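Student: Could you take me through one part of this model closely, namely its charged side chains, and say which of them pair and which of them gather at the surface?

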Amino acid sequence: MTTPLQTRPPGAVPGPVRRADRALAPDLARGAMLLIIALAHAPSVFFDNAPGVDTTPHGLERLYNIFLFTFVHARGLPLFALMFGYGLIQLARRQDTIGEDPRVTRSILLRRNAWLFVFGALHGILLFSGDILGAYGILGIIFTLVLLRRGDKVHRVAVAYVVFGAVYLAVLAVLVTVGIMGSGDGDATVSTVPFMTATGADYLDSILIRLGEWPLGTLTFLSFILVVWFGAWAARHRVLEEPAKHRRALRLGAILGFVVGIAGGLPMGLQAAGFLHVDEGTGDLIKLLYQTSGFFGGIGYVCVFGLVALRLSRRSHRSTPSTIVTALTALGQRSLSGYILQSIAWLVLASPYTLALGTTVDHPTYVSAACAVAIWLSSVVIAYLMHRNGYRGPAETLLRRLTYGRRRST
């Protein structure tokens with residue numbers, strides 16, 4: 001932590017972060033991130049598989065499958081994880097800035113992440129078994145206990161992971177290329193797993209299914225610890241709070257992140273679109289390449305948001321932020337509420353016992369995409385109206401109250 005400590009008056013407690021004190025890039029990234037999450041979750045609930053994809057696409061649906069695997073699937077969750085790790089350091093730094101005892105800061109972080117796990121359990125069982133909040137609660141507790149106060153040498157392990165990942169991806173890309181060239185006209189189908197929560201006969205039945213799905217998914221998402229760690233490393237260097245100082249790194253990260261993310265996801269997209277036919281062994285390698293490259297796609301997104309924030313901050317010196325920017329950042333400040341809102345919408349729109357749009361419309365691929373965009377736009381509007389009227393997100397308000405208590409949450 002490089003931020004100088006400030007003396008706080010006896011008995012003072014931290015209140016909500018003032019808008020003027022918030023960095024633009026993290027909130028902008030979180031607001032836009034929810035669109036990627038919506039686009040990723042929509043086909044899962046419409047087609048009952050993960051990653052969500054129409055396995056028999058026609059026409060433009062084939063191009064949409066390519067888009068999903070190069071820009072959305074396995075890219076949104078790493079972005080989410082990076083921003084979660086970034087937020088852990090932001091919260092700890094804020095406590096340090098007001099002169100809080102490190103032991104109290106640790107207690108606050110542990111309590112907050114424990115409650116986040118509870119939020120995730122309720123969300124995953126009652127609404128959407130693909131929940132990530134529970135896993136992040138566990139990862140936040142582990143990070144706080146093991147890594148939060150470690151020095152720079154320890155945190156460089158996260159950077160080493162990126163380098164190792166790049167080398168691993170290069171080797172994997174060679175194997176995939178060789179496999180594609182030697183496959184001929186294979187008949188392997190794109191690899192998916194059933195998303196059973198979207199098939200419950202009624203709401204109670206779906207809860208019983210999610211009781212089995214959510215714990216397994218949470219255990220799988222614990223592998224994101226290194227992604228969270230890299231996000232924390234970036235926050236220690238204030239990459240998004242001070243984008244002007246890190247302009248070159250952000251540009252490099254955006255270019256390389258998207259190049260690797262697109263190249264790594266393209267074979268899976270082509271296979272899902274029916275343009276690429278490979279044998280089963282090559283298909284497994286293609287899936288591994290797509291999954292592993294998602295981390296770099298997440299980095300690319302974060303860096304782009306940092307560069308956008310840098311340009312917007314320069315304009316803000318000459319004029320007030322546009323309504324669009326204000327609305328996006330408002331959603332970013334209420335991203336937990338926006339995330340849960342999406343799951344409520346999927347329950348209503350796609351469940352067999354509600355509107356069941358996945359089985360009652362002629363073109364579910366197009367409808368799922370339209371629903372994802374519409375839900376996200378609705379959350380942007382709602383967040384903007386809440387911002388204009390001085391209301392925080394309900395989920396954020398509850399989490400803060402549970403973390404700090406009634407007195408400190410006001």
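Tutor: The model is a predicted one, and the count of salt bridges in it comes to seven. One of them joins the side chains of D152 and R236, with N to O at 2.5 Å. Because D152 lies in helix α6 (residues 152-183) and R236 in helix α8 (residues 225-236), this pair ties together parts that are 84 residues apart in sequence. The two partners can also be described by their cover: D152 is partly exposed, with a relative accessible area of 38%, whereas R236, at 10% relative accessibility, counts as buried.

A further group of charges is made up of R238, E242 and K245, which are linked in a network of salt bridges. E242 counts as partly exposed at 25% relative accessibility, and K245 counts as exposed at 65%.

The patch of positive charge on the surface is where R248, R251, R311, R314 and R315 gather. The elements that give two or more residues to this patch are α9 (247-273) and α10 (280-316), and the largest share, three residues, comes from α10. R248 is found in helix α9, and R248 is exposed, with a relative accessible area of 77%.

How values were computed
Residues are numbered from 1 along each chain as its sequence is written. This is a predicted model: local features need pLDDT of at least 70, side-chain atom pairs count only at pLDDT 80 or more; totals for chains, interfaces and linings use all residues. Side-chain values use heavy atoms; hydrogens and water are left out. Patches are made of residues with over 30% relative accessible area and no salt bridge: like charges are joined within 9 Å, nonpolar side chains (Val, Leu, Ile, Met, Phe, Trp, Tyr) within 5 Å. Accessible areas come from the Shrake-Rupley method with a 1.4 Å probe; for residues, only the protein chains shown count as cover. A salt bridge is a side-chain nitrogen of Lys or Arg within 4 Å of a carboxyl oxygen of Asp or Glu. Lys and Arg count as positive and Asp and Glu as negative; His and the chain ends are not counted. The place of a charge is taken as NZ of Lys, CZ of Arg, CG of Asp or CD of Glu. Helices (H or I, at least four residues) and strands (E, at least two) are DSSP runs, numbered from the N terminus. Buried means under 20% relative accessible area, exposed over 50%, partly exposed in between (1.4 Å probe, protein chains only).
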